[in-house]
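Please keep the sequence and the model in view while reading.

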Amino acid sequence: MANDSAIQGNRQPGLHVAIIMDGNGRWAARQGLPRVAGHRVGVLTARRIVEHADEIGIRCLTLYAFSSDNWRRPAAEVTRVFWLLRAFLRMETARLRERGVRFEAIGRRDRIPEAALRTMERTEEVTAGGSGLHLRVAIDYSSRDAIARAACEAAALSDEALFRPDMLRSMVTQALAGDCGEVDLLIRTGGEKRLSDFLLWECAYAELAFTERMWPEFDEADLDAAIAEFRHRERRFGGVPEPPMKQVSEPAGQPVSA
Ligand code: IPE
Ligand code: IPE
Ligand code: MG
């Protein structure tokens, strides 16, 4: 764990970091363990990374925990993932509240096992007043689904939005990004270089960081390193680089007369 002075010198106010927590199964296989052992250690990583993100003052952290396509996995693995999610929230809720972390689940809620859903909603209620880190966990999440739903809601709210792409666009952005805003830095562990239907709209100008580290072995120093690299990137948002400050000096030789 980083010490206090290192944390003081490493504050990241305003940043929205999103993480695709990938590689649990491969990590477990490499240790000769079943895939679910990777998910169990992955939960411990998530716990440490949330604490660290809070300590260094990240404003919003969005973690990809379970995609809508992950329902394709064997039932026993899915059951275990939700069991672990519930155990994590039960274990952590008081601590999150103490730290002022606000927990929010994003994604569909109508297919989540009842006990896990109840726990998620309880954590949301208990931490709703938190003014520190905004922790969003994507569960039964599909970005394309979220975009389609946000567009339908916008159209239902305003007939005008149906004919005004600019208006629809800002309503969809508001619905998806909310007070977290768009993503500044997206990290994917596990070596794959794809988005797997995560935050497609909100990552329009995100800086992307892919690491070979598997999620169970990702640590605080890896997060710090990804942020340090992000700080060296030049974000242009479609513009041109800032020109360097010009040195104003007298031209050599005689002034040209008219
Ligand atoms: C990510 O790790 C966790 C979930 C999708 C729940 P994986 O389970 O996808 O691990 P790999 O990619 O198979 O190693
Ligand atoms: C993305 O990982 C989902 C999560 C990390 C929760 P996957 O392992 O499901 O993604 P693909 O199938 O390799 O694209
Ligand atoms: Mg994977």
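How far is an oxygen atom of ligand 1 from a polar backbone atom of Gly25? The distance is 2.9 Å. This is a predicted model, in which local features need pLDDT of at least 70 and side-chain atom pairs count only at pLDDT 80 or more, while totals for chains, interfaces and linings use all residues. Residues are numbered from 1 along each chain as its sequence is written, chains are lettered from A and ligands numbered from 1 in the order in which they are written, and side-chain values use heavy atoms, with hydrogens and water left out.

The backbone meets ligand 1 at other residues as well. For Asn24, a polar backbone atom is 3.1 Å from an oxygen atom of ligand 1, and for Arg26 a backbone N or O atom lies 2.7 Å from an oxygen atom of this ligand. Taken alone, ligand 1 exposes 380 Å², of which the protein buries 86%; such areas come from the Shrake-Rupley method with a 1.4 Å probe, and for residues only the protein chains shown count as cover.

The residues around ligand 1 are Met21, Asp22, Gly23, Asn24, Gly25, Arg26, Arg35, His39, Ala65, Asn70 and Arg73, where a residue is near a molecule if one of its heavy atoms lies within 4 Å of it. Helices α2 (24–30) and α3 (35–55) each supply at least two residues of this shell, and the largest share, three residues, comes from α2. Helices here are DSSP runs (H or I, at least four residues), as are strands (E, at least two), numbered from the N terminus. By class, the shell around ligand 1 has two nonpolar, five polar and four charged residues. In this scheme Ala, Val, Leu, Ile, Met, Phe, Trp, Tyr, Cys and Pro count as nonpolar, Asp, Glu, Lys and Arg as charged, and the others, Gly among them, as polar.

Attention now turns to ligand 2. Its surroundings consist of Ile20, Met21, Asp22, Tyr64, Ala65, Phe66, Asn70, Arg73, Arg188, Arg194 and Ser196. Strand β2 (residues 60–67) gives the most to this shell, with three residues. The shell around ligand 2 divides into five nonpolar, two polar and four charged residues.

Side chains approach the oxygen atoms of ligand 2. A polar side-chain atom of Ser196 lies 2.6 Å from one such oxygen atom, and a polar side-chain atom of Arg194 lies 2.8 Å from an oxygen atom of the ligand. For Arg188, the distance from a side-chain N or O atom to an oxygen atom of ligand 2 is 3.4 Å. Taken alone, ligand 2 exposes 390 Å², and the protein buries 77% of that.

Ser196 also deserves attention for its backbone. This residue is in the loop between β5 (185–188) and β6 and has a positive phi of about 45 degrees although it is not a glycine. Asp197 is in the loop between β5 and β6, and its phi is near 65 degrees, a positive value in a residue other than glycine. Ser196 is partly exposed, with a relative accessible area of 32%, whereas Asp197 is buried at 10%; buried means under 20% relative accessible area, exposed over 50%, and partly exposed in between (1.4 Å probe, protein chains only).

Strand β6 (residues 207–210) contains Glu207. Glu207 counts as buried because its relative accessibility is 15%.

Terms used. Polar contact = N/O pair within 3.5 Å; in protein donor to acceptor, adjacent residues only side chain to side chain.
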